2 protein chains.
Amino acid sequence: MYRSFLLLFFCTPLLVFAQVQPAETLVQYVKPIIGTQRMGHTYPGATVPFGMVQLSPETDTIGYVKDGKYNPDVYKYCAGYQYDDKSIVGFSHTHFSGTGHSDLGDFLVMPTVGTLRLNPGTSDKPRSGYRSTYSHQSEVASANYYKVKLDDYNITAELTTTARVGFHQYTFPKTDSAHVILDLMAGIYNYADKNVWTYLHIVNDTLVTGYRQTSGWAKNRTLYFAMRFSKPFASYGNINNSSKEVYHGFWGKFKQGENFPEVAGRQIRAYFNFATQDDEQIRIKFALSPVSMEGALKNMDIEIPGWDFDKIKADGQRLWENELSKITITTKSITDKQNFYTSMYHTMINPTLYMDADSSYRGLDQNNHKASDFINYTTFSLWDTHRALHPLFNIIEPARNVDMIKSMLAHYDQSPEHMLPVWSNSANENWCMGGYHSVSVVADAIVKDNASFDVNNALNACVTTARHRSYEALGYYMNNGYIPDEKNGNSVSSTLEYAYDDWCIAQAANKLGKQDIYHEFLKRSQNYINVFDGQSGFMRPKLSDGTFKKQFDPLSTINQGFIEGNAWNYTLYVPHNPAKLVELLGGDKRFIAYLDSLFTMNLPDKYFAETEDITRDGIIGNYVHGNEPSHHVAYLYNWTSEPWKTQQRVRMILPLMYKPTPDGLGGNDDTGQMSAWFIFSTLGFYPVAPASDQYAIGSPSIDGATIKVGTGKTFIIEVKNQGAKNVYVKKALLNGHALDHSYITHSDIMNGGRMVFYMSKTPSNSGFLSASLTGKN
Amino acid sequence: MYRSFLLLFFCTPLLVFAQVQPAETLVQYVKPIIGTQRMGHTYPGATVPFGMVQLSPETDTIGYVKDGKYNPDVYKYCAGYQYDDKSIVGFSHTHFSGTGHSDLGDFLVMPTVGTLRLNPGTSDKPRSGYRSTYSHQSEVASANYYKVKLDDYNITAELTTTARVGFHQYTFPKTDSAHVILDLMAGIYNYADKNVWTYLHIVNDTLVTGYRQTSGWAKNRTLYFAMRFSKPFASYGNINNSSKEVYHGFWGKFKQGENFPEVAGRQIRAYFNFATQDDEQIRIKFALSPVSMEGALKNMDIEIPGWDFDKIKADGQRLWENELSKITITTKSITDKQNFYTSMYHTMINPTLYMDADSSYRGLDQNNHKASDFINYTTFSLWDTHRALHPLFNIIEPARNVDMIKSMLAHYDQSPEHMLPVWSNSANENWCMGGYHSVSVVADAIVKDNASFDVNNALNACVTTARHRSYEALGYYMNNGYIPDEKNGNSVSSTLEYAYDDWCIAQAANKLGKQDIYHEFLKRSQNYINVFDGQSGFMRPKLSDGTFKKQFDPLSTINQGFIEGNAWNYTLYVPHNPAKLVELLGGDKRFIAYLDSLFTMNLPDKYFAETEDITRDGIIGNYVHGNEPSHHVAYLYNWTSEPWKTQQRVRMILPLMYKPTPDGLGGNDDTGQMSAWFIFSTLGFYPVAPASDQYAIGSPSIDGATIKVGTGKTFIIEVKNQGAKNVYVKKALLNGHALDHSYITHSDIMNGGRMVFYMSKTPSNSGFLSASLTGKN
């Protein structure tokens, strides 16, 4: 084989070149730098799909608190890195991708040369003395590989990872004073008391173990590590040796702080000293564990037994290639490919693996557990991700989505409150944002027959969660059919979100033949009607006495009863019954006018200033794409007589909100939800109401796509005559038959098949009828 | 047999009564109250032998720090209880017995009735609002059972334990407002930052789990618990709910602090509310684990599956009876019995079990381990206990002593410093006091053939420990043969202690045929000579240049180069070569005069004021029995021409220093070392130099004793003509042969046999010759 190959190569080089060239890699289109400028809150570092380790540079880790108050500047640093910054503080091992609040940033490592700078700051003012300038010219940010030159030190830093191990490769100049800093004080969204405790154990001159225990967004989080150097360090110590927050040995038995092998406290910054030759590389394997230092060490030895940096990099990129290739798209546009595969990449960072190689993990009850038949995940930002990310997983990551649901059920079992996760963060519950949207993820999987978990237990968990009376005004909601505005600041948005979630439970119950639960929750799912004010035409805060609150500004997001949104947007939040919503809002024409006004109105500046989580670019009229509650809105025209406006709006949103540039994201990526919207919308359909098996038709923006839907089957999308102006669907054929409704179903996709869109520059309603929802209402 | 027995019973009742009456229980003589007043630092609560749980009342838990400085009053509360106090704060689950520094006091539980007092203080000023007065009249303190009436609340509290579970029984009056407080802030030797973190999880209305993480004497200690109530609580909450140091849920989803099932932070005092009928008993099982909450719960379910308080109490007392019966003594004096069996009791509290029922424990490396072939112990106060406590264990607890040594070897394996324990405290190293006396314990077991552990590994651990150059001036000692006084404040005492420890290593090496190690350490063992100043006749601080330090006060304990002692006492600290010491000090007569002066001089008040750890009663002349370095001194007359003076001194010390009263101990019991001295001395012999197999003869103070030495063998001591004045040994027969030397050997005891002492009121040297030491010098 080898010989004939050689022979061929020399005989017919061009032909053979074409034959042996590997299929075009998709990894090349991944640009992790997208979203790192301004509001995307993504990070440029290295990770494997859904990896426990996300190893990325920090350009700053400013304190969460400044002068005793919340420091609004910290918001920029949710992912630790801002493209406009000129210096790098170090490389830490955990990050959220795209969130609007943060935590993590654990175990900052930084190589330096020269005099050790002893001006490290404190945990709330951590502008470290060891930072280095860098330039984007020297920077390479790609899937599972990051490289940068640290100009102040003439050190080249390279990073790659496996699922549980960060791999650093530092190329030093010749020097007698090379250092590697291990900063246990540093963290994202840090403040003085956030480090509850840190511990460092110098096992020998190449191995260090320890842990960091924080109380931040996660109130009670511990992360363990093992750190192995490729070269023995000559000596070591602790920069903050004199801090009273640092505890070494005791009773003065040893010279403390210098070459003393254990230290604990809250303010530890260790250094390790080396002498290096010119271009000498020092490599570091840095393994994590949610369970123990021993677990971290085992993870390291299993995942990276040797020191071959290039192999680990290539292995990880192969994992990415495999994930990315689940959808191959046809387009002549590099921009499209970069946007698409970077979106794919961004949907496959969170949730994150939260389990040792031996299946041990820490549970919500703070005990250690073994995952007997699943992979345990954390980092569930469910208010965001139930909308499109988990539905996307049901298509291209079905097994992983089942494991995620099993992780959520384990969370439920271990939760002191006996609730499914709201925002699962490293064996903790953040309780961030509203609703109990886990039930949407669970129900979506049940309805879509991707349910190889204990469905009855899962339904029970959903029901118990939804009946937890002491959870955010839920008791009032259950008693009154809405949340009285006096009782809760998010009275309207929570009522709407509960109603949708209840509909999800009803759909799952119906599927499982639990009619009593179905009826109970179907009735609850209609509660959105109770906060609709027919007079103003908006969802509106209602008081305990049944009257609507007088003071009301449907454009404002402040004290109006909505979380992260205004009434104008949230009034459209009835994803589970758009038909009824159309009726409530005055019928077809008035509903279309309402939608049109949303996209076209001129939002006064004072309202823009209120808006969270997005740039000005993230708003189109009054439509806020940079935040999630309106993600289904562009698709609602499908329930009117003008579905072509969905096509138009989607194609307007796509290039405005997604660009292959550092500032390319119009808002927080929110652990992949923004990117999942992009993927669905690019392909031409979108899950308006997860827990329905329908996807509303939009406007595909590429020339074609092949989706691997398992066991060798593919769902092929062909888009004829597509172009920047040809955004309207003239007709669509599903497996050769003309589609006569504006949706496809999950089984249409998962059975495999071919869908052909015929595009036109002329709007048309002739192609298909209005969308419906198979879910019962 | 039975019938004839009955017959006999009716025929000759008196005779038979004597036959069928159960053997006199020894438990009745245990008075845990001994030593709880003034300086004994013992506690009156309940424990089983070497139990993990020591459940005892706290009369106060005052802060370690007052007005920013060390608070000397805290010293009184090393064991949490002072007999003179009038009120009880609660009952906590961990204590040291008899130490002179402290930690622990974990998980204070207190029943109350009435309005919940919300004035709990802070962790450094913790005089709690819920304390109750009590009186000693209502108090019962016995082995594994403590009872007291809490007068303020009309509640009777009873406590008993198993190895890992505390069992509370509270008898309430009729009330709608009964409470049980669980105070996670409280602790012994507490200060504001000592609580690194605490966690509470309300699993259901009868089960609570959690942990407490402290940085105190142990820098990095975590203890987990599970707490189960016999009756469901009606509601619960946290007294310190408003503290910023307490973190409940987040984002205001729940009404925080009240009936919210998880809370973490540093200032948690939980309460559980009940309604009770008159005399209603609420029982609580409170299990500990060094590993996890789950481990604690398993420990509970294994050790106390039911709720039978009386059975658990009786089971534990049976364990005590078994331990106490290893030595039965003959005496007409109740005082003797109370002193003896309370001493036995006090020698069997520490070290403590540190391992779950499934053999898991936390190691010095802060990882969890499984003890594959031993029981893991902690609480090794080795500077104290190597002297007589571990030698006592080699006679009556040989298997346990082997497990303790295996625990010490595991400590060594896991220790970041690769050293055997100095003071092992709950997976931490306190580094308290000098020397590396673990080697004495290891060598003593090897020399005495109680060595069913890996002796070569053990010797290696001893050698590595003794060569750790950066440990307290050990490098200087190795280089110079002594520690220059400029280099270390305890230059002389450490030199002396190292020299003795080195001799121990030499003895073990010799026994194991390791001649190179033997010679190395035998040479080192002679280093005591290097700090002997022939001119002053004292061990004296020596400078780097080889001259003795000019300023020198042999009576002072301050800045003289000695730890807890003065030169006058420490000069006698050559336990491994008294013969050479006699020679150094000028020969027989001058040595006798030196010893005499020690016991008879009038120590000026200024020196008394310097002395630590003891009451005025703890000093006889200048002889400090209340502290350990002189414990062998009374026996040194055996190496002179007047061994009768040993007999005289011992019999003088015994009644002065040991009384069956709350203030009966003349100094800290030091985890049983003081008590072990009492036991040996009462029996008539003492291990002057552990790692020798010899015991120097003293003066037995009872009429006889039977020591169970294993496999059915006994060593019987008969004492003829013993009395308060008949303290001199006229002769002694060992197995019928007259003893011609003033010692017996370990094998004399362990082979079983009979020793008969013939006592006289007249001093006599005719009985036997001077002591020697079989160990090579």
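**Note on the predicted model**

1. B:Ala509 is located in helix H12 of chain B, residues 491-511; helices are DSSP runs of H or I with at least four residues, strands are E runs of at least two, and both are numbered from the N terminus. The residue has a relative accessible area of 0% and is therefore buried, where buried means under 20%, exposed over 50% and partly exposed in between, with a 1.4 Å probe and protein chains only. Leaving out residues up to four places away in sequence, B:Ala509 touches B:Leu459, B:Lys514, B:Ile517 and B:Tyr518, a contact being heavy atoms within 4.5 Å. B:Val463 is 46 residues from B:Ala509 in sequence, with a C-alpha to C-alpha distance of 9.6 Å.

2. This is a predicted model, in which local features need pLDDT of at least 70, side-chain atom pairs count only at pLDDT 80 or more, and totals for chains, interfaces and linings use all residues. Residues are numbered from 1 along each chain as its sequence is written, chains are lettered from A and ligands numbered from 1 in the order in which they are written, and side-chain values use heavy atoms, without hydrogens and water.

3. The model has an ipTM of 0.92 and a pTM of 0.94. The average pLDDT of chain A is 91, and 91% of its residues score at least 70; pLDDT is the predictor's confidence in each residue, from 0 to 100. Residues 1-20 of chain A stay under 50, and the model gives them 5 contacts beyond four places in sequence. Residues 120-126 of chain A are also below 50, with 23 contacts beyond near neighbours in sequence.

4. Chain A contains 20 helices and 39 strands. Its C-alpha atoms fill a box of roughly 80 × 80 × 50 Å along the principal axes. Of its 777 residues, 69% count as buried. Among contacts in chain A with a separation of 6 or more, 70% join residues 24 or more positions apart.

5. Which residues does B:Glu417 contact beyond its neighbours within four places in sequence? They are A:Phe254, A:Phe260, A:Pro261 and A:Glu262 from chain A, together with B:Trp431 and B:His468. B:Glu417 sits in the loop of chain B between helix H8 (398-414) and strand E27 (423-424). Its relative accessibility is 4%, so B:Glu417 counts as buried. B:Asn460 lies 43 residues away from B:Glu417 in sequence and 15 Å away in space, C-alpha to C-alpha.
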